Structure formats: C-alpha cells, structure tokens
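Me: I would like to go through a structure and ask where the words used for it come from. Please show it to me.

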Amino acid sequence: MGFMALWLMVTFFGAGLGMYPMLKKFFPNQNPQLVFNSFLFFWVLGDLVFRFFLQKLPVMIVKPLLVLPISRNKIVNYVLGKSALSFFNFLPLFVIVPFGVTLIIEGYPIISVIVWMLALIIIVLILNFLNFIIESFSAESELSFLPVILVVSSLFGLNYFNILPLNKMLGNGLNAISETPVLISIPILVLVGVYFVNFKLLRQKLFLDSGLKKDIKEVSTSNLEWTRNFGNIAPFMQLDLKLIWRNKRTKTSIWMLAIGLLYGLFFYTQPTYLAMPWFYVFIGVFSTGIFLINFGQFIPAWDSSYYKLLMSQNIKYEDYLKSKFTLMALSILILFVLGIPYVFFGWKILLAHFAAAIYNVGINTHVILLGGAFNRKKIDLNQKAAFNYQGTGAVQWLIGIPLLILPMGIFAVLYFFIGFEIACLILAILGVIGIVFHQKLMKMITAKYLESKYKMIDAFNQNN
Amino acid sequence: MITTSNLSKTYGNNQVLNIDSLNIPKGQSFGLVGNNGAGKTTYFSLLLDLIQPTTGHIINHNIQVNKSEDWKPFTSAFIDESFLIGYLTAEEYFYFIGELRGQNKADVDTLIAQFKDFFHDEILGQKKYLRDLSKGNQKKAGIVAALIGNPEVIILDEPFANLDPTTQIRLKDIIKDLAQKQGITVLVSSHDLLHVTDVCERIVVLEKGEIVKDLATSHATLKELEAHFSGTDVVL
C-alpha cells in the first residue's frame with residue numbers, strides 16, 4: 001500500500017508535468033487549458049467511481065466524542081472537515097499544481113490560472129462530499145454499488161447521447177470561470193449545498209444503533225482441505241488464506257493482483273517502451289511479484305494482533321514462515337501463467353517475464369522474508385485498507401531497492417554489455433541458486449526472526 | 001513444579017517485578033492478586049517467555065523457559081485478547097490451536113463438548129468471527145482454547161473479568177476440577193478476592209513487584225485479604 005500511494009503520487013505528478021506538452025502535441029491547434037477543461041467531465045466520473053470503492057467517511061472516530069460536552073453539530077462538522085483532508089483530495093493536486101504552474105510559465109494570466117486552479121480544488125471537494133451522499137444511499141440498498149453505477153452511467157449516458165452535453169457544459173463553465181473570476185461563486189455554492197446535505201444526513205445517524213453500528217457479516221466457512229497437500233505448513237496456510245480473505249486491509253492484495261497483471265499493458269502498448277528490452281524485466285518483476293510485494297512487505301505484522309499467542313504456542317517458526325513463502329511462490333507462478341498472453345507483444349517479453357518470475361521465487365521471496373525480521377510496526381487488520389500507512393516504516397521503503405531496482409540493474413548492465421538472452425539466463429540462474437539454497441536461507445531467516453522475538457512482541461504490543 | 005529464582009524485571013530505573021523465590025508445586029491452584037501495576041501480568045509474561053527477565057529465571061518442569069522452548073507443549077495460557085485470532089470463528093480457532101498442539105478435530109470436538117454449559121450457546125455455531133463477539137464471549141473462547149491439548153500448566157490472567165455471573169460460577173467449577181481431579185497446575189490472577197479465595201488453594205499477594213503475602217487458603221483468608229487491600233492490615 002505504501003508502494004501504491006507513492007506510485008500514484010509519482011504518476012499523477014508526472015501526468016501534471018507532462019500535461020501541457022502532451023496536450024500541445026496531440027491537439028496542436030488548441031489551447032491546452034481548454035482541452036483539459038473539456039476532458040474534466042470524464043475525470044469527474046472516474047473519480048466518483050474510484051472514491052466510492054476506496055473512500056469512506058471517517059465516522060467511527062466520533063464515538064469517544066459523543067459523551068463529551070461537545071455539541072452534535074460540532075462533531076458533524078469535525079467529521080466532514082476531516083474528510084476534506086483525505087488523501088483522495090490531495091492526489092489531484094499533484095496534477096493540478098504542476099499543470100497550473102506550467103500554464104503560468106507559458107504566459108497565461110496569473111489571476112485567471114489561480115482562479116481556475118481554485119475552481120478545480122472546489123470541484124474535488126464537491127466530489128468528496130457527493131461521494132458520501134451516494135454512499136449513504138448505498139448503505140440502505142441491497143446491491144450497495146448500484147447507486148454509484150446508476151449515477152455515473154446515467155451521467156455518462158446523458159453526455160454520450162448528447163441529451164445533455166455535460167462534458168461541454170463543465171468545460172465551458174470552467175473556461176468562463178477563468179475568464180470571469182466572479183463565477184467561481186457558483187461551484188462554491190454547490191459545495192456549500194453538498195456539504196449541507198451531508199450535514200443533515202450525518203446529523204441524523206450519529207447514534208450507536210444507526211450510523212455508528214458495526215455491521216457484522218455472517219461467516220461462510222470453507223475447510224480449505226487442498227492445503228493438506230503442503231504437509232506441516234497446512235494449518236498456517238489455512239490461517240494465511242483466511243487472513244487475506246477475511247480482513248479489509250489484506251483483501252486489497254487480491255485486487256492488486258489484477259493491477260499487477262495488467263501493469264504491462266500500460267507499457268507494452270507504447271512503442272517507446274517496447275523498444276527498451278532492458279525495461280521488460282522491471283515489468284516482469286513487478287507484475288509477477290505484486291502479491292509478493294504487497295503481502296510480503298508486512299510479514300509478520302499481519303499476525304501482530306495475535307503474535308503473543310503464536311509465540312507462546314508450540315509452533316515451528318520455520319513452518320510459519322514457509323507457509324508465507326509458499327503462498328508468495330504460488331502467486332508468482334499463477335501471475336506468470338496468467339501473464340503468458342504478453343507473448344503477443346513479442347517472445348522476448350515472455351522470456352524476460354520468465355526470468356523475472358524465477359528471480360522472484362528464488363531471491364525476492366527470501367529478501368522480503370528477511371526484511372520482515374526487522375519489522376517493528378503493528379497492523380490493525382480491522383481498519384480500512386486504502387491508503388492506510390499503518391505498519392509502514394523505513395523497512396518497507398528500503399526493501400524496494402533490492403526487490404525491484406537490483407534485478408533491473410543487473411539485467412540492464414548485462415543487456416548492454418552482452419545481450420538480451422544471456423541477461424535473462426543469468427537472472428534466471430540467480431533465481432535458481434536461491435531456490436537451491438532455499439532450506440539454508442530459511443534456516444538463516446528463521447534465526448533472524450527468533451533473534452528479534454522479544455522486540456517484535458514488544459513492538460506489536462504498542463498501540464502506535 | 002514451577003520454580004522462580006532471583007527473578008526481576010526492570011524498565012529503565014523502574015523495577016516492576018522482584019521475586020527472590022517462589023515454588024509452585026504440580027497440581028496446585030495458585031492465585032495471584034494485587035492492584036494494577038503490581039506485576040501479575042509481568043510475571044505471567046515472563047513465565048511464557050514473552051519478555052526477557054533482567055535477572056534470574058523461571059524453571060517450568062525442569063525446563064528453563066528463556067533457554068529452551070520445550071515447556072511449550074505442556075503449557076497453555078490465555079492472557080488477553082491478543083491470544084485470540086479475530087478473523088476466525090470460535091470453532092476454527094479451537095481447531096487451529098488444536099493443530100498446533102497435536103490434536104485432531106475429533107479430539108478438539110470431544111473436549112469442547114464438555115463445555116457446552118460454559119458456552120451457554122453463545123460460542124459454537126454462531127457464524128460470527130471472534131472479533132465480533134462480546135468481550136465476555138471472547139473470553140470464554142480464549143479460556144477454553146487454553147484447555148486444548150492436555151496442558152499440565154494453565155495460566156489465566158484475570159479470567160473472571162467481563163464474564164457474566166452464571167459463567168463466573170461455572171468457570172470456578174472448571175478451574176477447581178482441573179486442579180483437584182486432573183492434577184493440572186492452574187495459575188490465576190484476579191482482582192476479585194472472593195473468586196480467587198474460592199478457587200485457589202494458595203494465594204500470593206504482589207505489591208509493586210514484590211511478594212508481600214503468601215497464604216494457604218482457609219476460611220480466614222478472604223478477611224485477611226480484604227483487610228490488606230483496604231489498608232487496615234495490622235502488622236502482627
């Protein structure tokens with residue numbers, strides 16, 4: 001998740017910087033700012049969907065405030081105000097600010113650009129509050145994602161069939177605002193409106209038995225008998241699978257599989273990247289190793305809430321770690337197999353992915369397990385997943401270097417000096433060496449974990 | 001037999017536990033009482049090798065707990081919610097603990113069947129994760145899990161807290177049965193003097209990490225403890 005947030009910030013910032021030259025290139029005869037405005041409608045739709053699935057109103061934080069002498073209105077304002085500071089509202093700034101600054105540098109009138117940027121920020125906030133309104137209606141309906149699909153698709157439909165050209169209206173509106181700054185009062189009024197609706201909705205629900213109720217889902221159990229094939233590590237594998245499937249925070253790892261799998265499409269569809277074979281390995285490591293990175297970076301913190309139990313039980317530490325290893329290795333295998341269609345873009349890509357997958361199994365799994373021995377941050381599994389940095393420490397960032405940069409570096413050097421096939425071969429050999437020494441490496445890693453047992457128990461016991 | 005010698009634990013300049021010598025014979029039901037911060041949980045954590053002693057050691061059935069892990073197969077504990085796995089149902093949790101302790105599903109089923117009364121239909125077959133159970137029901141599950149796998153030493157920290165009156169009474173019977181009939185060493189800590197005198201043959205009072213009283217329970221014990229904790233203790 002740490003990776004995900006950084007990746008998003010970097011991509012957005014890159015998009016912001018590149019926006020002006022890109023629009024200039026694709027629409028040479030038009031004003032980039034106006035082109036941007038005309039596409040804004042689609043951003044709005046995308047943002048709404050994105051928010052709906054990832055952003056939740058931080059309503060639970062008010063529980064301790066309810067019995068204090070603070071008026072309910074103040075509490076509602078506090079919750080809504082806090083939601084405005086969400087990561088989702090800062091992310092667009094990474095596009096808006098660099099693009100705006102470029103516009104000013106390119107000689108656009110400063111005042112109108114600033115007013116325009118302000119208008120965009122207000123739109124972001126409107127979306128923020130609009131999302132909570134949609135969510136509050138979703139909570140009541142059976143198919144919870146129906147309202148958002150309905151709203152977004154009808155907006156899209158109205159626009160697409162030219163019944164109501166929202167796309168143009170929004171674009172023209174923004175153009176008008178940057179020309180006549182007074183018009184910014186219109187989005188401000190809308191913002192006040194959605195805020196007020198939210199206020200009303202939330203004010204009614206601020207009771208333990210309505211809005212603040214934890215919804216308890218009925219459990220459906222499966223016995224996961226197939227894990228028996230893995231012998232001694234079966235109980236831990238069952239536990240890990242349940243851990244992943246039954247907790248919000250871990251469930252994202254599963255969605256990340258899809259992102260990892262499709263990651264290559266961003267690059268291989270562009271001839272620029274297709275012409276850079278040394279880059280294939282990076283995508284290979286990333287797309288076959290996305291689960292490894294996502295899940296692995298928080299070993300053993302996933303089990304932090306019951307770490308004392310595990311440590312006082314008669315467990316074999318090695319089996320515990322081996323279960324994690326097996327899961328990661330399986331995920332790499334599955335992701336590689338699912339990624340075979342990339343061969344469509346050239347057999348070299350498949351070869352590079354294959355080498356990367358072997359490297360992932362042999363080296364990266366062990367590296368990330370070893371990194372876990374230095375993990376000192378607790379994770380609360382019950383908390384929401386998206387952009388939750390709990391448990392993210394220096395280890396999570398540092399581990400990225402050997403994980404992604406190292407194989408790419410080795411590969412790039414070998415590629416430029418010797419050749420593509422040899423570079424693939426050597427990367428694969430490195431992986432095979434790791435697999436051959438698996439038992440030895442696991443012994444060493446286990447020793448490291450045992451060494452830091454007391455420190456981990458202590459750290460996982462703290463409520464940070 | 002659990003032997004504690006020269007055991008102390010210090011955080012910075014703050015000594016939280018200092019026990020010169022304490023012997024708990026096999027099959028004893030042993031009660032530990034004391035106010036908050038007296039060192040009860042610290043002692044149990046040292047016994048389970050969850051923290052390192054500053055000096056001294058504990059020997060559990062001939063095994064020094066911070067040197068070898070061989071005490072684990074015959075020792076079990078329920079200290080707090082961190083001994084529960086929140087995303088499992090009670091049954092799954094019992095089976096998992098059972099597997100760690102070398103018991104198959106049938107063994108576990110037989111054991112937990114004995115606690116039907118204790119569970120009061122609120123634990124088994126609930127289709128709920130442990131994290132969604134009430135504090136009292138979580139505790140019930142945790143306590144019974146500590147009985148899985150024929151342990152010889154059972155450690156329960158504050159087992160009576162959060163339980164409803166009926167369950168408290170049932171738990172007392174369970175603990176008595178464990179020690180008297182099955183010869184299991186049971187270590188219990190509690191703030192409830194009445195319960196602990198009811199259940200334990202021997203009661204040790206901790207104060208600021210030191211043993212200030214070591215009593216064989218008799219009908220006078222409750223009075224003596226009450227006097228001690230109300231501050232009217234007369235030095236004889």
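Me: Which residue in β5(B) does Asn60(B) stand opposite?

Reply: Asn60(B) stands opposite Ile63(B). Before going on, note that this is a predicted model, in which local features need pLDDT of at least 70 and side-chain atom pairs count only at pLDDT 80 or more, while totals for chains, interfaces and linings use all residues. Residues are numbered from 1 along each chain as its sequence is written, and chains are lettered from A and ligands numbered from 1 in the order in which they are written.

Me: How do you know that β4(B) and β5(B) pair?

Reply: Two strands pair if DSSP finds at least two bridges between them. Strands are DSSP runs of E with at least two residues, helices are runs of H or I with at least four, and both are numbered from the N terminus. Strand β4 (residues 55-60) of chain B has two bridges to β5(B), in the antiparallel sense. In the hairpin of these strands two residues lie between them, and His61(B) there takes a positive phi near 50°.

Me: What makes β1(B) and β4(B) a pair?

Reply: Five bridges join β4(B) to strand β1 (residues 2-11) of chain B, again in the antiparallel sense. In this pairing Ile2(B) stands opposite Asn60(B).

Me: Why do β2 and β5 of chain B stand at the edges?

Reply: The open sheet has four strands in the order β2-β1-β4-β5 (chain B), with antiparallel pairing. β2 (14-24) and β5 (63-64) each have a single partner strand, so one side of each is left without a neighbour in the sheet.

Me: What makes chain A as compact as a globular protein of its length?

Reply: Chain A has 23 helices and zero strands. The radius of gyration is taken over C-alpha atoms, and the globule rule is 2.2 Å times the number of residues to the power 0.38. For 464 residues the rule gives 23 Å, and chain A has 25 Å, which is close, so the chain counts as that compact. Its C-alpha atoms fill a box of roughly 70 × 60 × 35 Å along the principal axes.

Me: Why is Ala329(A) called partly exposed?

Reply: A residue is buried if 20 or more other C-beta atoms, placed from the backbone, lie within 10 Å of its own, exposed if 12 or fewer, and partly exposed in between. Ala329(A) has 18 such neighbours, so it counts as partly exposed. This residue lies in helix α17 (residues 317-338) of chain A. Buried residues make up 33% of chain A.

Me: Which residues is Ala329(A) in contact with, leaving aside its neighbours within four places in sequence?

Reply: They are Val361(A) and Thr365(A). Contact here is a C-beta to C-beta distance within 7 Å, with the atoms placed from the backbone.

Me: Why are α11(A) and α12(A) called roughly perpendicular?

Reply: Axes are lines fitted to C-alpha atoms, for helices over the stretch in contact, and angles run from 0 to 180 degrees between N-to-C directions. Angles under 35 degrees count as roughly parallel, over 145 as roughly antiparallel, 65 to 115 as roughly perpendicular and the rest as oblique. α11(A) and helix α12 (residues 248-268) pack at about 90°, with their axes 5 Å apart. The two are therefore roughly perpendicular. Among the residues that meet are Trp245(A) in α11(A) and Ile254(A) in α12(A).

Me: How many residues of chain A are in contact with chain B?

Reply: 23 residues of chain A are in contact with 26 residues of chain B. The largest share of chain A's side, five residues, comes from α11(A).

Notes
Two residues are in contact if their C-beta atoms, placed from the backbone, lie within 7 Å.
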